[in-house]
Amino acid sequence: MKKAILHIICLFGTFPVFPQYLVKGGNGQPLLAEDNNAIQVYLLNGLNDAQISYTSSTAGMHQWYRYNTRVGEAVPVVSQQNGNTSTLSGLNDGYGYYVESSTGFAAPVWVIDYSQYLPSFLSFFVQEEDDKCQYLKLIANVDADPLVYYTIAGERRELQRTYHLQYDGLKWDEETKTFLPVEIDQSQKGVISEIVIDAPLKNTAFTLRGDDYAKYFGLEQINKTAVYEAIALDIHSEATIHRDTGENEQSDGNTDLGGSAPVVIDFTASANEPVAAMYIWEIFKLSEDGRDSTTIVRYVDKSVNYPFNQSGKYAARLEVINANSTCFDNSSVFNISIEQSVLKLPNAFSPGSSPGINDEYRVSYRSLISFKASIYNRWGNLLYTWNDPSKGWDGKVNGKFVPTGVYFIVVEAKGADGIRYKESKDINILRSKNN
């Protein structure tokens, strides 16, 4: 007796969502590889002693059917029943089975003898392309027949194999500013022939393992390439400003690296050594429109510092070259803007009157690379001098406040833009009656 598969499709709506199947047999525990409302798919490592049991929730006889959509018919098969549980033996690879009980039809279970579908790794090797400094191609010749199954409605489906590509790599750690070794494991699903990855940062062999079904049964296949000599570069650079900034130093609002001169900037580079073999820092003076540049200095070193004493726009560029000069990276560029000079002299302050508020005479300045200020009384006697524009005069001579009145300041300075200053001005010292 045969039942047309069309008849089964019509009754599909009566299938329980989770049939009570128990699959045994083969070498090891069968693997439930797919489980959804339409079907369950089991992989077995061989079909010796393979069987399916079904337990119904109510009493009554079970009728089992076997189907293969490629044949297009469902065939009744004999089972052994004990109480509410029936067991079907003598399973075949590439067939679906379902049972009819007093509660209706149970959703089918499909059986695949996985031992007949083991992948075979025929070859596995590295193939460099024109973009080898960024990417690497791995060619895998894997012979693996598709793991096909059919739903009761005749829909062809396929289990997706998962392979694993494993190799050694490096990962930049921002906190410690170092490269840390990592073991990379990338999943590769489906049919594989070409695997494109980011070029590795250290010498490594590549291992292809799989598939995951084979690993489950202890039959995992492994293939390994020869050691690949890395050529790709990974660059990390930073710039650090060293400058003593005074409260009276003015800014033009420019947020670029640099600011008020004089300023020393440390440029530091890190790369994946020993692949990275040469570091070159170049500092350029840019034209006002930024289109033309003139090289000021060139350093062959990982870290350099450079003093910027002239106003204008600059750029610092890092180039790193690998050991065999096949790859280079010059993408690290820092833009620097050194501001033009400013010098302004206040005309009054009030030492001893309001601590912390206008109680020290300081100039207002920007980008001064040399500075000297001198204070005189009305008779031309020198009272105080200082050479740091961020400092000032507290209104004292020999530890005592000078009397209120008019004093005289002379300032000589030079700006980062080449401007020379020689300024002089009266200073009024103010003090409240209580002081």
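Phe267 stands opposite Val304 in strand 27. Keep in mind that this is a predicted model.

Visitor: How many bridges pair strand 24 with strand 27?

Guide: Strand 24 covers residues 263-271, and strand 27 runs over 303-308. The two pair in the antiparallel sense, and the count of bridges is six.

Visitor: Which strands stand at the edges of the open sheet?

Guide: Three strands make up this open sheet, in the order 22-24-27, with antiparallel pairing. On average, neighbouring strands here are turned by 20° against each other, direction ignored.

Visitor: Is Glu249 buried or exposed?

Guide: Glu249 sits in the loop between strand 22 (235-242) and strand 23 (257-259). Its side chain joins that of Ser260 in a polar contact of 2.5 Å. Buried means under 20% relative accessible area. Glu249 comes in at 13% relative accessibility, so it counts as buried.

Visitor: What is the relative accessible area of Ala373?

Guide: Ala373 lies in strand 33, residues 368-376. Leaving aside neighbours within four places in sequence, it is in contact with Tyr384, Thr385, Trp386, Ile409, Val410 and Val411. Ala373 is buried, and its relative accessible area is 0%.

Visitor: And how far apart in space are Ala373 and Tyr299?

Guide: In sequence, Ala373 and Tyr299 are 74 residues apart. In space, going C-alpha to C-alpha, the distance between Ala373 and Tyr299 is 37 Å.

Methods: Residues are numbered from 1 along each chain as its sequence is written. This is a predicted model: local features need pLDDT of at least 70, side-chain atom pairs count only at pLDDT 80 or more; totals for chains, interfaces and linings use all residues. Side-chain values use heavy atoms; hydrogens and water are left out. Helices (H or I, at least four residues) and strands (E, at least two) are DSSP runs, numbered from the N terminus. Buried means under 20% relative accessible area, exposed over 50%, partly exposed in between (1.4 Å probe, protein chains only). A polar contact is a pair of N or O atoms within 3.5 Å; within protein, one must be able to donate a hydrogen and the other to accept it, and residues adjacent in sequence count only if both atoms are side-chain atoms. Contact means heavy atoms within 4.5 Å. Two strands pair if DSSP finds at least two bridges between them. Axes are lines fitted to C-alpha atoms, for helices over the stretch in contact, and angles run from 0 to 180 degrees between N-to-C directions.
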